[in-house]
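Subject: The structure for you to look at

Hi there,

Here is the structure I promised to pass on. Please open it alongside this message, and my notes follow just below.

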Amino acid sequence: MYRKTIIATITLLVAAIALSAAAFGAVQNCCKANAQNCCAAAQNCCGAAQSCCVSMRMPGATSGVAAEAALQNGAQTATVEITDKGFEPFSLKLKAGEPAKVTFVRKTDETCAKEVVIKDYNINRKLPLNEPVTVEFTPRKGEFTFACGMNMIKGKLIVE
Ligand SMILES: [Cu+2]
């Protein structure tokens, strides 16, 4: 009986160690695979908020056809959702020189994109869960990035 208990305890210990090693390894790999910015600039992200890494590993929203903005009351408008795949749509087409209203809605807590930054337009807004946040700017011709606060999860504005 006593011996059985010892064996069971050891087995449990070994399993626990193996599990934590596997988890740690996965996080580290995520940093290596995805990342330029990940480990260097934002180690906290991978260390503390694995969900961020999870989003980064999902290639779902990193490509695809650019969504076009619709015209509404003289402004071009579009909505971008933040899901566990990242920004959806990943890229957005806008017309240069016309006011744009882009609404961001964060739909998940499983992301580190809890704010959106469009550096080229000095935009930096918090994104409360399920609360639409509209940013207004007049785009210039070119390609611009919108991203999470750590510049890890990204999307693209294509202005023509
Ligand atoms: Cu981030």
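N73 sits in the loop between β2 (70-72) and β3; strands here are DSSP runs (E, at least two residues), as helices are (H or I, at least four), numbered from the N terminus. N73 has a positive phi of about 50° although it is not a glycine. With a relative accessible area of 84%, N73 is exposed (exposed is over 50%, buried under 20%, partly exposed in between, with a 1.4 Å probe and protein chains only).

Before you read on, please note that this is a predicted model: local features need pLDDT of at least 70 and side-chain atom pairs count only at pLDDT 80 or more, while totals for chains, interfaces and linings use all residues. Residues are numbered from 1 along each chain as its sequence is written, and side-chain values use heavy atoms, with hydrogens and water left out.

N130 also has a positive phi, near 60°, and is a residue other than glycine. You will find N130 in the loop between β8 (123-126) and β9, where N130 is partly exposed at 46% relative accessible area.

On the backbone, there is also a cis peptide bond from E88 to P89, with omega near -5°. P89 lies in the loop between β4 (86-88) and β5.

Now to the metal. Which protein atoms are the donors of the copper ion? They are the SG atoms of C112 and C148, lying 2.1 to 2.3 Å from the copper ion (donors are N, O and S atoms within 2.8 Å of the metal, or 3.2 Å for Na, K and Ca; water is not among the atoms, so sites may look incomplete). C112 is in the loop between β6 and β7 and C148 in the loop between β10 and β11, so the pair ties together parts 36 residues apart in sequence. Both cysteines are buried, C112 at 13% relative accessible area and C148 at 2%. The structure holds zero disulfides (pairs of cysteine sulfur atoms within 2.5 Å).

Finally, the core. The largest nonpolar core has 26 residues, and F87, F104, I118, F137, F146 and L157 touch the most other members (such a core is a set of buried Ala, Val, Leu, Ile, Met, Phe, Trp, Tyr and Cys residues joined through side-chain atoms within 4.5 Å). Elements giving two or more residues to this core include β3 (75-83), β6 (100-106) and β11 (154-159). Leaving out residues up to four places away in sequence, L157 touches, among others, L92, I118, F137 and F146 (contact means heavy atoms within 4.5 Å).

Best wishes
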